[in-house]
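Q: Hello! I would like to learn how to read helix packing in a model. Could you walk me through it?

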Amino acid sequence: MTTTRVVIVDDHPLVAEGIEAILESYDDVTVAATLSNGQEMIDQLDALSPDVILMDLNMPGLSGLSATEMILERRPETRILVLSMHDTPEYISTALGHGAVGYVLKDVPSDEVKQAIDAVMRGERYLCTGAEGALRPVMSGGREQLTNREQMVLLQLAQGKSNKDVAAELDISVRTVETHRKNIKRKLGISSTAGLTRYALEHGVLQGTGVNG
């Protein structure tokens, strides 16, 4: 039996302990750690090597969103499942835009957390019913927002820099740049580098960089 390594990141001890107790009742899940903020997760990421991270959003210090971006740059294979009390479209879409593959509200039945973990381990995206209902009107119109990191990558690419140059400039791997590039194109509905440059010019991304349209 394959065991899924899970780390819980939540600054409310009762919440974290409750989730840990639920998950430890399953033979195919191991809770590798429960941590109280995003920085602890970053510091212990390599040592814990989690398959799935249950990530709260609002925590002291490094937020769940910032931690998510940093984790995925270092370990893009990690599945991040947001576990939050916030059910607004802004929270949900922002979390997904930062790379989370699922969003579960803290008031769901206890077994739904396990369902969410199983789904993301199969490579699926998971939204609990409440999150899906809140997000549906948003997804029916408009595009997903670029994350801060994707905007930085777009700026570099629009200046004509190669993936290697962008990686060196932002101190990330070429593979991570390629992933960001793919996500940017998908979100913007653009298929070419020339299209990215045109988008950047038309939307003011290159303002103040010395690059003129």
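Q: What is the make-up of the contact of helix 2 with helix 3 by class?

A: Sorted by class, the contact of helix 2 with helix 3 has six nonpolar residues, one polar and two charged.

Q: How are two packed helices described?

A: The general idea is to give the angle between the two axes and the distance between those axes. Here, helix 2 (residues 38-48) and helix 3 (residues 64-74) have axes that come within 9 Å and cross at roughly 10°. Angles under 35 degrees count as roughly parallel, and helix 2 and helix 3 are therefore roughly parallel to each other.

Q: At roughly what angle do the axes of helix 7 and helix 10 cross?

A: The axes of helix 7 and helix 10 (residues 193-202) cross at roughly 110° and come within 9 Å. That makes helix 7 roughly perpendicular to helix 10. Leu-154, Leu-157 and Ala-158 of helix 7 make the contact with Leu-196, Thr-197, Tyr-199 and Ala-200 of helix 10. By class, this contact has six nonpolar residues, one polar and no charged ones.

Q: How do I read the pair of helix 7 and helix 8?

A: Use the angle and the distance again. Helix 7 (residues 148-158) and helix 8 (residues 163-170) have axes that come within 10 Å and cross at roughly 130°. Helix 7 and helix 8 are therefore oblique to each other, and their crossing is right-handed. On the helix 7 side, the contact is made by Arg-149, Met-152, Val-153, Gln-156 and Leu-157; on the helix 8 side, by Asn-163, Val-166, Glu-169 and Leu-170. By class, the contact of helix 7 with helix 8 has five nonpolar, two polar and two charged residues.

Q: How many helices and strands does the protein chain have?

A: The protein chain has 10 helices and six strands. Its C-alpha atoms fill a box of roughly 60 × 40 × 35 Å along the principal axes. With 213 residues, a compact globule would have a radius of gyration near 17 Å, and the 18 Å of the protein chain agrees with that.

Q: Where does pLDDT stay under 50?

A: Where pLDDT is low, the predicted coordinates should not be read in detail. In this model, pLDDT stays under 50 over residues 208-213, for which there are six contacts beyond four places in sequence. The mean pLDDT of the protein chain is 86, and 90% of its residues reach 70 or more.

Conventions: Residues are numbered from 1 along each chain as its sequence is written. This is a predicted model: local features need pLDDT of at least 70, side-chain atom pairs count only at pLDDT 80 or more; totals for chains, interfaces and linings use all residues. Side-chain values use heavy atoms; hydrogens and water are left out. Axes are lines fitted to C-alpha atoms, for helices over the stretch in contact, and angles run from 0 to 180 degrees between N-to-C directions. Helices (H or I, at least four residues) and strands (E, at least two) are DSSP runs, numbered from the N terminus. Angles under 35 degrees count as roughly parallel, over 145 as roughly antiparallel, 65 to 115 as roughly perpendicular and the rest as oblique. A crossing is left-handed if the near helix is turned anticlockwise from the far one by less than a right angle, and right-handed if clockwise. Contact means heavy atoms within 4.5 Å. Ala, Val, Leu, Ile, Met, Phe, Trp, Tyr, Cys and Pro count as nonpolar, Asp, Glu, Lys and Arg as charged, and the others, Gly among them, as polar. pLDDT is the predictor's confidence in each residue, from 0 to 100. The radius of gyration is taken over C-alpha atoms; the globule rule is 2.2 Å times the number of residues to the power 0.38.
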